[in-house]
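This report walks through one protein model, from helices to rings, cores and sheets. Please keep the coordinates open while reading.

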Amino acid sequence: MPAVHTVDFTLLFTAVAPGDARVTLLRGDAGVGAAPRVWSAAHAFEAAAVEDEVAALGRALRRAVQRGRGADALAAHGRLLFDLLLPAPVKAALRAEGGGALTLVADGVAVPWSALHDGAAFLAHRWALGELSPGDDAPAPPPPRGADRLLVVADPAGDLPAARYEGEALVRDLAGGAGGLPCDLRLGALRRADFLRIFKSFRLVHFAGHADPPDADGPAGWRLADGRLDADAVRALGGGAAPSLVFANACRSAAAFSSAMGAALQAAGVRHFVGTRVDLPDLPGADFAGRFYEALRGGVAVGEALRAASVASAEAGTSVWAAYRLVGDPRAVYFRARAAERFAPGVRRAVVVAVRRPPPIAAPDLLAEQLEAWRASLRDRVAAHGGRLLPGRGAVDRAVFGLPVSYENDLARAARAALAAHVAAGPDAVVTLEAGPLASTGADVLGAPAQQAEAACWRLPPGVWALPVAAGRLEAAELTDDVEGARRLVGLTQREAVAEPPLVGRRAEMARLEALADEVAARGVARAVTVVAPAGMGKSRLVSALLARLADRFTVLRGASIPYDEVSPFAAAGGVLLDLVEAFGPDEGALDARLTATLEALDQGAPGDDEPLDAVLSIDDLLAADDAQPGLRDRRGVLAPLLGLDGDDRAGEAGLVPDVFRQLIEAAARRHPVAVVFEDLHWLPDAGLAVVDELANGLRGAPVLLVCTARSELLDRAPHVFDAASHVRLDLGPLSPREAEAVLRQALPAAVDAETLATLSGRAEGNPLFLRELALARAAGEVDAPPATVEAVMRARLDRLPPFEQEVLRAASVLGRTFWREGVDRLLGGVEGLDGALRGLERGRFVVQQAQSDLPGQTQWRFAHALLHEVVAHGVGTRARVAWHGRAALWLTDEVPDAGKADRWARVATHRAAAGDHARARPRRGCWPGRGRLRRWRRSRRAGRSRRRWRRMTRRAATWATLGGPRRRAIWPSWRRRRAIWTPPPRTWTPPSPSATTPRWPIGPSACGGGPTWTRRAAS
C-alpha cells in the first residue's frame, strides 16, 4: 500500500469578482497571513457553471442523506465541482498527498467542501477539514477550566422523542467504563434562562433538538421550551463564557450558524462548531455523533475525529457524513491521546507478561494510593516497549504484547519489558512470560497462555524472572538451566550466534552480486544494489553469504534498522558507524575516545592535506581546495549522536547527517574498499532513507559497494531510493520445487515421505522462511495452525491496514483462498468502497485479481499466499465466521447461476455445515459427481445396523443353549419367532479400515469415497 503522508494545508479562496478569485495554498505551519509555500495566483472560473453545480450538488446531497440513495450522483457532482472550482496546481497538490489537515478560508463562495471529490475520494474522507472565517488566524482552544465535561441537551423543546434516545445513548457510551468522559444529561423541556445558566459551565456541549433558520417567527436560533435561543441571548453571556466546542446535531444547524447566531457564539468563546447543512435522519445522525466523540476522546484532533466519523459512516453504508460541517481549526486537540479501551474480537497469537509483587507494606489508608502508583509505573514501562497493561486482577498484574497491533518481535519486546518490570518490582518479585493464542474480550484477554503465566507466578519461588518452556524459542536470548519448569532469561543480545545452513539456490543472484563487487574492487568505483523481496524470501541470508565471500577483499560495515521505530531514524547508520570504529579505530578505550581517534585517522588521508602544490591544475582548483569542507574531526558533533554520545542533537533535524556520513564512507574507502550493508530499508523513516539516498547518489570515485535489503512495500513509499544511475535492483522470487524440498530436508528428519514434503512445499509456496518454520512446526507436532513466527510476520503487516480493508480480508477468507468480489459484498452487507479497498489490498500485495472466474458472472480474486489466507482466517471471530458462512451459502444459492457447475453445491454444503445448518448440508440429488458413492455409503450404514442386530441375537442363542429345560420352555415362543435371522445373509459385509472415520454428514466429494462396501457371494 502506498504510504499516507500527513501534511497541513491552508486553502484561501477569495472571490474578488464573479468568475475571478485569488487562490492561495499554504503548507505546513504557515499561518493565514504568512507567505505562500505552495502556490498563489489569480484564478478565473466559470461562475455560472459553478453556481449551477453547487445547486446540483446540494440536491444530490439532500437525496443521499435523507433517502439513503444517490451516492454515485453525489460523487459525480462533487468531482465536477472540484474540477471547476480549483486551479490545476492546487488540485495536483491535494491529490498528491495521502491526507492530513486542510483548513479552508473561503470568502464570497458558499461550497459544501466536504462533498467535493478529487477523483479518488471525497475530501471529507481524505482530509481533516475545518472552515475559518476571513480574518481568523486559527486560534487553538483555550486551556480547560478544570475537568473536561460534556453537557448533553436532548429534546429541549419537548417535541422530538428521537433526540432523547440520542442523548441517552451518548451518555451511556461515553460515561461508562474506566476513563469515561464526565457527562451531564438534560432531557426534555428546558427554558432559555436555565439553558444559559448551565451552558457556560461546560467545555463541550452537545445539542440534540431543532435549529430554526431565520423566518417570519424571528431570527435564527435553537428551539427551546419557551422560544428560540437567538444571537442576542448568546451575546448576553459575555466573551469567553461559552464552551470551546459545540456540536449542534439538529437539522440545518450549520445554516443557523452562518447567520448572526454563529458570530455571537464565536464572540462568546466557541472555537469549534459542528453542524449540519441539511435535514438528516435521527438514528444515523446519533450514530455519527457517537463515533465523533469516541474518536475525539481517543486523543485525535477535532478535524481528524470528524474525518474518522465520516469514514465510519460511509463504511456503514450511509451518506449522513456529507451533511456535517466543522467551523474552526481542524488541528486542535481536546483530549490526551490514549490507547483503545477495547480489543477487536477474534483469536490471535500474543504474548502475556505476568508480574507478582510482594505484599505492600503501608497503612490501610495509603494502600490504594501505593498500588495505583505501582500500576502507573508498570503501565509506563510496558508502554515503552509497545505493550498494553490489562485490567487489574488482585496481586498479579498482567500485560499483553501483540494486541491490538502485532509486531514481528513481540516476544523479544515482551522479554525486555518483563526484565524492566522485574527491576522495578524488586528482588522478591516473580515475573513470567507466556505466548500462544488468546481471545480478546473487551479490554481483557482469555486463553491458556494468560492462565499459565498467572499460575506460574504463584508456583515459582520469589525472586525468579522466568520464561516458561511453553513460550518456545526466543531469538537472541541467553537462558540458564531450568528453574522449576521454567527457564531463566539473563540477557538479550543483538544477534543470534547460530550456525546457518548452507544457502540453497540463488545462483544467478549471487553471481550478479559478485560481479558488482569485482567491478568495485577492480575499477575503484561505487555501486549500489538493493535486494527487494517479500518477508522471509531470504534477503538477509543472501547478503550474509555474499559478505562471507567478500571478507578478504572488503571492509564490511553493517547496520540494521529497528523494526517499527520512528524515534531513531539513524539506527542503521549508527550500526555502520560502530563497525567502522571497530575496523579503523583503536582496540581499547571508551567509545567516545575511539570515535575521535577514528575520525582523526580517516582525516589524515583526506585529499588536500598532504597533496603537493604541483598537483593542483589551476587557480580554480587551488581556491576550491582552500574552500574545502571541514574535516571529519570537525564534524564529530554530527556523528556522535548516532552512537548515543553527546553531540549536536539538532544535526538530524538540520539535515547534516547524510552529507557528513557520505564523507565518512568516502574517507574509509580511500584506505580500503568498503562494503556497506543497510538491512530492512522498509523500516527506516524518511530521515534514515535520506542517508541511503545520499550514499547511492553522492559517492564519486570511491570503491564502495552499497548493499541494501528491503521489502516490496518500499517501492510504494519511497521509489526515489532506486533512482541513482549506479543503482541495481535485484528482485528475489520464490524457490523452485526442488530447492524448496532441499530446504525442508535441512530441517526435517531423513525419513520424511515425499507426500509430506509436497504438502509443506505447497503451503510455503517457495518462501524459505516459511519452509523452515513449517518444518520446525511439524517436528514439534504443530500441523494445522500456521507457525507462530510466520503469523507474527504476516499479522504485523495486516494490523497496519485500514480497519475497513482488514474487515474485507476477514470476510474474503471465509469464502476461501479464492474468493469473489460479489460474495464479499454480500457478506459485508453491501457496503460502499469495496472496490477501492480491494485495489488498495492489491497494491499492498495482499490479494491478486484473476483473469478468469470459476463462477460465471463473478469477479474472482485470490490471496497472494496460502499462509496469508490461513492467518487471516485464523483471526476471524467465531460469531462472525458462523454468520458469514450462512450468508455465503445464501449468496451461492440465490445469486450465483448454476451453469452446470456441480462443485457449486459442494461449496454450498460446506458453508451450511460451517454455519451449523447440518440438516441442509447435504448436496442436491443429481448435482454431485460422487452421488453413487454417497448412496453406497448410506446403504452400508443401514446394513451395519442389521449386522449388529444379528450378532446380538447370536449371542442370545448361545446363552439359550446353556439354560435348563424350564427356562427354555419359558422363552421358546419368542425364540421361534426370531429363529429366521440366525441364517447368515447371502451377502458378506467388509468392515472399513480402523483409520476410517464416519462423518455425521457427508461434506464435499472427498467425504463420500471411503465408506464400507458390499460383496456378493453364494450362501453357504
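Helix α29 has these buried residues: Phe804, Glu805, Gln806, Val808, Leu809, Ala811, Ala812, Ser813, Val814 and Leu815. Buried means under 20% relative accessible area, exposed over 50%, and partly exposed in between, with a 1.4 Å probe and protein chains only. The model is predicted: local features need pLDDT of at least 70, side-chain atom pairs count only at pLDDT 80 or more, and totals for chains, interfaces and linings use all residues. Residues are numbered from 1 along each chain as its sequence is written, and side-chain values use heavy atoms, with hydrogens and water left out.

Helices (H or I, at least four residues) and strands (E, at least two) are DSSP runs, numbered from the N terminus. Helix α13 has its own list of buried residues, among them Asp410, Arg413, His422 and Ala425. The expected span of a helix is 1.5 Å times one less than its number of residues. The table sets out both helices.

| Helix | Residues | Length | Expected span | First to last C-alpha |
|---|---|---|---|---|
| α29 | 803-815 | 13 residues | 18 Å | 19 Å |

A glycine follows each helix. After α13 comes Gly426, with a positive phi near 110 degrees. Just after α29, Gly816 has a positive phi of about 125 degrees.

**Positive phi without glycine**

Arg506 is not a glycine, yet its phi is positive, about 60 degrees. Arg506 lies in the loop between β22 (486-492) and α15 (507-523). Its relative accessible area is 8%, so Arg506 counts as buried. Asp680 is not a glycine either, and its phi is also positive at about 60 degrees. The loop between β25 (674-679) and α23 (686-698) holds Asp680. Asp680 is buried too, with a relative accessible area of 15%.

**Rings**

How many aromatic pairs does the structure hold? There are 16. Phe195 and Phe207 form one that is edge-to-face, at 6.4 Å centre to centre with 80 degrees between the planes. This pair links distant parts of the chain, twelve residues apart: Phe195 is in helix α6 (residues 192-199) and Phe207 in strand β8 (residues 204-208). Rings of Phe, Tyr and Trp (its six-membered ring) pair if their centres lie within 6.5 Å; planes under 30 degrees apart count as stacked, over 60 as edge-to-face and the rest as tilted. Both Phe195 and Phe207 are buried.

Ring pairs also join Phe247, Phe288, Phe292, Tyr293 and Tyr324 into a cluster. Elsewhere, the charged end of Arg357 sits over the ring of Trp374, 4.6 Å from its centre. Such a placement requires NZ of Lys or CZ of Arg within 6 Å of the ring centre and within 35 degrees of the ring normal.

**Cores and contacts**

The largest nonpolar core has 65 residues. Leu11, Leu74, Phe247, Phe292 and Leu296 have the most contacts inside it. A second, separate core of 47 residues includes Val576, Leu580, Ala667 and Leu714. A nonpolar core is a set of buried Ala, Val, Leu, Ile, Met, Phe, Trp, Tyr and Cys residues joined through side-chain atoms within 4.5 Å.

What does Phe247 contact beyond four places in sequence? Its partners include Val205, His206, Phe207, Val274 and Ala289. Contact means heavy atoms within 4.5 Å.

Ser313 is found in helix α11 (residues 302-315). Ser313 is buried, with a relative accessible area of 1%. Residues up to four places away aside, Ser313 touches Phe288, Arg291, Thr318, Val320 and Trp321.

**Sheets**

Five strands form an open sheet in the order β16-β17-β15-β18-β19, with antiparallel pairing. Its edge strands, β16 (388-389) and β19 (444-446), each pair on one side only. Two strands pair if DSSP finds at least two bridges between them. Strands β15 (residues 347-356) and β17 (residues 396-401) run antiparallel, joined by six bridges. Val352 has Val400 in β17 as its bridge partner.

Strand β23 (residues 527-532) is mostly covered, with five of its six residues buried. Six bridges pair β23 with strand β26 (residues 704-710) in the parallel sense. There, the bridge partner of Val532 is Ala710 in β26. β23 also runs parallel to strand β27 (residues 727-731), with five bridges between them. Val531 stands opposite Leu730 in β27.
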